[in-house]
Amino acid sequence: MNTALLFDFTVNKETCTVKVTREFKASQNLVWQTWTDPELLDQWWAPVPYKSITKKMDFNSGGRRLYKMVGPEGDEHWCFADYTSIHPKENFSYTDGFCDSEGNKTNFIAGADWTVNFSESDGITTVLVQIKHKSLEDLEKIIEMGFKEGFIICIEQLDQLLKQSVQND
């Protein structure tokens with residue numbers, strides 16, 4: 001029996017899209033919580049040595065998460081996620097971007113549209129993340145900044161958090 005969990009990270013420059021598929025050995029309910037509870041989200045969202053700190057989060061359609069990524073030298077990078085659609089435990093969508101500490105958008109890089117889907121089969125939850133950028137230039141800028149490497153680190157941190165949570169149940 002193959003116990004390897006699926007992980008795929010694909011960049012499509014023609015559609016300006018990043019697609020990430022990852023399986024986790026945890027219930028769909030638990031995986032959903034780690035994406036939607038700010039305390040859990042902050043534990044894995046920023047790649048070490050950065051930390052994610054949520055200032056406020058209204059996880060509702062039309063709501064917003066305002067958070068910062070804090071670097072090892074104390075540098076702060078503020079971001080937002082504006083939730084556009086939520087179907088509990090199945091999927092949610094949002095637009096993200098950079099902002100100041102009050103949530104005012106900056107022109108650093110145009111935001112992207114995210115869709116995050118969850119499905120479970122035989123105790124394995126699959127998360128499918130699709131990130132649509134507005135232009136090839138925006139996609140290339142994010143990739144150049146290390147998005148792929150950083151997001152892979154985050155996903156591995158999420159996997160560790162889920163393993164700890166499953167062991168504690």
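Me: A pocket, then, is an open set of grid points with protein on both sides within 12 Å along at least five of seven lines. What volume does the largest pocket have?

Reply: This is a predicted model, and the volume of its largest pocket comes to about 730 Å³.

Me: Which residues are the closest to its centre?

Reply: Met 69, Phe 98, Ile 142, Met 145 and Phe 147 are the closest to the centre, out of 26 residues that line the largest pocket.

Me: And which helices and strands supply at least two residues of that lining?

Reply: The strands are β4, β5, β6, β7 (112–121) and β8 (124–133), and the helix is α4 (147–168); each of these supplies at least two residues of the lining.

Me: How does the lining divide by class, and how many residues are nonpolar?

Reply: The lining of the largest pocket has 19 nonpolar residues, 6 polar ones and 1 charged one.

Me: Now the sheet. What is the order of its strands?

Reply: The open sheet has 8 strands in the order β1-β2-β8-β7-β6-β5-β4-β3, and the pairing is antiparallel.

Me: Why is one side of β1 and of β3 left without a neighbour in the sheet?

Reply: β1 (7–12) and β3 (51–57) stand at the edges and have a single partner strand each, so one side of each has no neighbour in the sheet. Neighbouring strands of this sheet are turned against each other by 20° on average, with direction ignored.

Me: What holds paired strands together in general?

Reply: Strands of a sheet pair through backbone hydrogen bonds, either parallel or antiparallel.

Me: Start at the β2 side. How many bridges are there between β2 and β8?

Reply: β2 (residues 17–24) pairs with β8 in the antiparallel sense over 8 bridges. Thr 17 has Lys 132 in β8 opposite it.

Me: Which strands does α4 touch?

Reply: α4 packs on the sheet and touches β1, β2, β7 and β8. The direction of α4 makes about 20° with that of β2.

Me: Next pair along. How many bridges do β7 and β8 have?

Reply: β7 and β8 are antiparallel and pair over 10 bridges. Glu 120 stands opposite Thr 125 in β8. The two strands form a hairpin with 2 residues between them, and Asp 122 in the turn has a positive phi of about 55°.

Me: And what about β6 and β7, how many bridges?

Reply: β6 and β7 pair over 5 bridges, in the antiparallel sense. There, Phe 92 has Val 116 in β7 as its bridge partner.

Me: Which residue in the turn between β5 and β6 has a positive phi?

Reply: Lys 89 does, at about 65°, in a hairpin with 3 residues between β5 and β6. These two strands run antiparallel, and 8 bridges join β5 to β6 (residues 91–98). Ala 81 has Asp 96 in β6 as its bridge partner.

Me: One more hairpin, β4 and β5. Which residue takes a positive phi there?

Reply: Gly 74 takes a positive phi near 90°, and 5 residues lie between the strands of this hairpin. β4 (residues 64–70) and β5 (residues 76–87) pair in the antiparallel sense over 7 bridges, and Lys 68 stands opposite Trp 78 in β5.

Me: Leaving pairing aside, what volume does the largest cavity have?

Reply: The largest cavity has a volume of about 90 Å³. The count is 1 cavity of 30 Å³ or more.

Me: Which residues line it?

Reply: Its lining is Trp 35, Leu 41, Trp 45, Arg 65, Tyr 67, Ala 81, Tyr 83, Phe 92 and Tyr 94. By class, 8 of the lining residues are nonpolar, none is polar and 1 is charged. β4, β5 and β6 each supply at least two residues of the lining.

Me: Trp 35 belongs to α1, and I wondered about that helix. Why is α1 largely enclosed by the rest of the structure?

Reply: 7 of the 9 residues of α1 (residues 28–36) are buried, so the helix is largely enclosed by the rest of the structure. The buried residues are Gln 28, Leu 30, Val 31, Trp 32, Thr 34, Trp 35 and Thr 36.

Me: Last topic, Val 48. Is it buried or exposed?

Reply: Val 48 has 60% relative accessibility and exposed means over 50%, so Val 48 counts as exposed. Val 48 is in the loop between α2 (38–41) and β3.

Me: Which residues is Val 48 in contact with, leaving aside its neighbours within four places in sequence?

Reply: Val 48 is in contact with Ile 153 and Gln 157. The C-alpha atoms of Val 48 and Gly 150 are separated by 8.5 Å, although the two residues are 102 residues apart along the chain.

How values were computed:
Residues are numbered from 1 along each chain as its sequence is written. This is a predicted model: local features need pLDDT of at least 70, side-chain atom pairs count only at pLDDT 80 or more; totals for chains, interfaces and linings use all residues. Side-chain values use heavy atoms; hydrogens and water are left out. Two strands pair if DSSP finds at least two bridges between them. Helices (H or I, at least four residues) and strands (E, at least two) are DSSP runs, numbered from the N terminus. On a 1 Å grid over the protein atoms alone, a cavity is a set of points where a 1.4 Å probe fits but cannot get out, and a pocket is an open set with protein on both sides within 12 Å along at least five of seven lines; lining residues have an atom within 4 Å of a point. Grid points are joined across faces, edges and corners, and a volume is the space filled by probe spheres set on the points. Ala, Val, Leu, Ile, Met, Phe, Trp, Tyr, Cys and Pro count as nonpolar, Asp, Glu, Lys and Arg as charged, and the others, Gly among them, as polar. Axes are lines fitted to C-alpha atoms, for helices over the stretch in contact, and angles run from 0 to 180 degrees between N-to-C directions. Contact means heavy atoms within 4.5 Å. Buried means under 20% relative accessible area, exposed over 50%, partly exposed in between (1.4 Å probe, protein chains only).
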